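Please report on local backbone and packing features of the model shown here.

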Amino acid sequence: MSTGTRPALTRFVRHFPQVAVATVAALALSACGGGTEKTESKPSGAASSSSSAAFPVTVEHKYGSTTIDAEPKRVVTLGLSDQDAVLALGIKPVGAVDWFKEQPYGKWPWAKDKWGSAKPEIVGERDEYNIEKIAALKPDLVVAQYSGMKKEQYDTLSKFTKVVAQPKGLPDYGASWQVMTRQIGKSLGKDAETEKLISGIDARFKAVRDKHPEFATKTLAVADSFEAGKYSAFTKTDPKAIFFSELGFKLKPEIDTLAKPGWNVAELSAEKLNVLDVDRLVWVTSSTEANDRIKAEPLYKKLKVNSEKRDLFVPYQDPDIGAAFSFNTVLSIPYAIDEVEPLIAAVK
């Protein structure tokens with residue numbers, strides 16, 4: 001993963017294994033029949049006339065641009081949540097990475113029906129990819145939007161398939177769900193369907209804002225704690241903060257100033273917890289033990305947001321509420337809204 005970003009549940013910088021590029025490329029070309037990013041390819045299978053008409057398409061990204069000549073049939077997703085947008089657009093990825101140490105199929109309630117009985121190959125964890133596994137799947141497209149893909153990884157993958165890396169001009173893990181969904185939709189030749197999906201989600205957020213105009217008067221922060229004495233607050237570029245912003249809440253700019261450049265999280269000691277004294281504080285945590293530990297912190301007890309019971313503790317999993325707004329995708333957002341709206345509205 002990029003050293004400048006830390007998505008939820010990721011606490012260590014991971015590096016691409018030092019595999020000789022020539023060896024990997026040889027394996028990949030053998031598995032996939034050869035080719036480079038610039039090589040013209042023929043459509044495989046009979047594409048619908050509408051889908052065929054969309055191609056070729058050229059998608060700009062962090063490492064340049066990629067021209068996709070024909071409708072992709074075998075898609076591998078390397079972004080932590082990219083599979084959701086691909087599923088929403090009617091394609092089941094043949095490969096995906098594992099974010100929450102949970103298989104990216106079956107578990108999540110918002111994606112179960114889309115996966116059906118299909119199971120993708122797990123080709124990596126966060127930003128460590130198994131190039132040989134990816135090559136063996138013979139993908140005609142790899143997408144890596146919510147990712148920290150390195151240039152070395154991009155170059156290696158591009159020797160045998162089309163690759164659309166993370167969005168151009170934005171920090172890794174810093175693009176909005178709309179930007180990433182449009183990148184994926186364009187890559188799949190499904191611009192019209194993509195805009196319809198995005199419009200539907202925008203309408204869901206607007207309905208909540210219209211129902212709860214009071215949200216616009218409240219400042220909110222999202223935080224977590226995975227270790228005693230260490231706390232994290234998420235910046236405006238993190239999906240969790242973006243989700244609550246789109247519900248109508250104001251975010252606290254000071255959190256952004258406390259984060260290291262390029263990071264989407266500000267690390268806080270107990271002495272810095274006063275930055276979380278906001279109108280609404282959402283803790284997204286992994287256990288009741290973590291909740292109890294936070295509540296027992298003497299300096300936290302002094303905050304008004306705690307004493308006035310304006311803090312809300314939400315689990316990442318079981319139920320999967322925190323995971324839903326951590327993913328913050330066109331599939332997970334409706335589930336997250338349904339679960340979060342009554343909880344946050346009940347905080348007075």
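The cover over the buried residues of helix 11 includes strand 9 (219–227), strand 10 (230–234), strand 13 (280–285), helix 12 (298–301) and strand 14. Contact here means heavy atoms within 4.5 Å. Helices (H or I, at least four residues) and strands (E, at least two) are DSSP runs, numbered from the N terminus. Helix 11 spans residues 288–296, and its buried residues are Ala290, Asn291, Arg293 and Ile294. They sit on the same side of helix 11, because they cover an arc of only 165 degrees around the axis. That arc is taken from the directions from the helix axis to the C-beta atoms. An α-helix has 3.6 residues a turn, so residues three or four places apart point the same way. Buried means under 20% relative accessible area, exposed over 50%, and partly exposed in between (1.4 Å probe, protein chains only).

This is a predicted model, where local features need pLDDT of at least 70, side-chain atom pairs count only at pLDDT 80 or more, and totals for chains, interfaces and linings use all residues. Residues are numbered from 1 along each chain as its sequence is written, and side-chain values use heavy atoms, with hydrogens and water left out.

Next, the backbone. Most residues other than glycine have a negative phi, and most peptide bonds are trans.

Pro56 lies between helix 2 (49–53) and strand 1 (57–61). Pro319 lies between strand 14 (311–315) and helix 14 (321–327). Arg126 is in the loop between strand 5 (121–125) and strand 6 (128–129). Lys309 is in the loop between helix 13 (304–307) and strand 14.

Are Arg126 and Lys309 buried or exposed? Arg126 is buried, with a relative accessible area of 6%. Lys309 is exposed, at 65%.

Gln145 is another loop residue, placed between strand 7 (141–143) and helix 6 (151–158). Its relative accessible area is 2%, so Gln145 is buried. Not counting residues up to four places away in sequence, Gln145 touches Gly79, Asp82, Val164, Ala165, Gln166, Pro167, Met180, Gln183 and Ile184. With Val164 there is also an approach of polar atoms: the backbone oxygen of Val164 lies 3.4 Å from a polar atom of the Gln145 side chain.

Notes:
A polar contact is a pair of N or O atoms within 3.5 Å; within protein, one must be able to donate a hydrogen and the other to accept it, and residues adjacent in sequence count only if both atoms are side-chain atoms.
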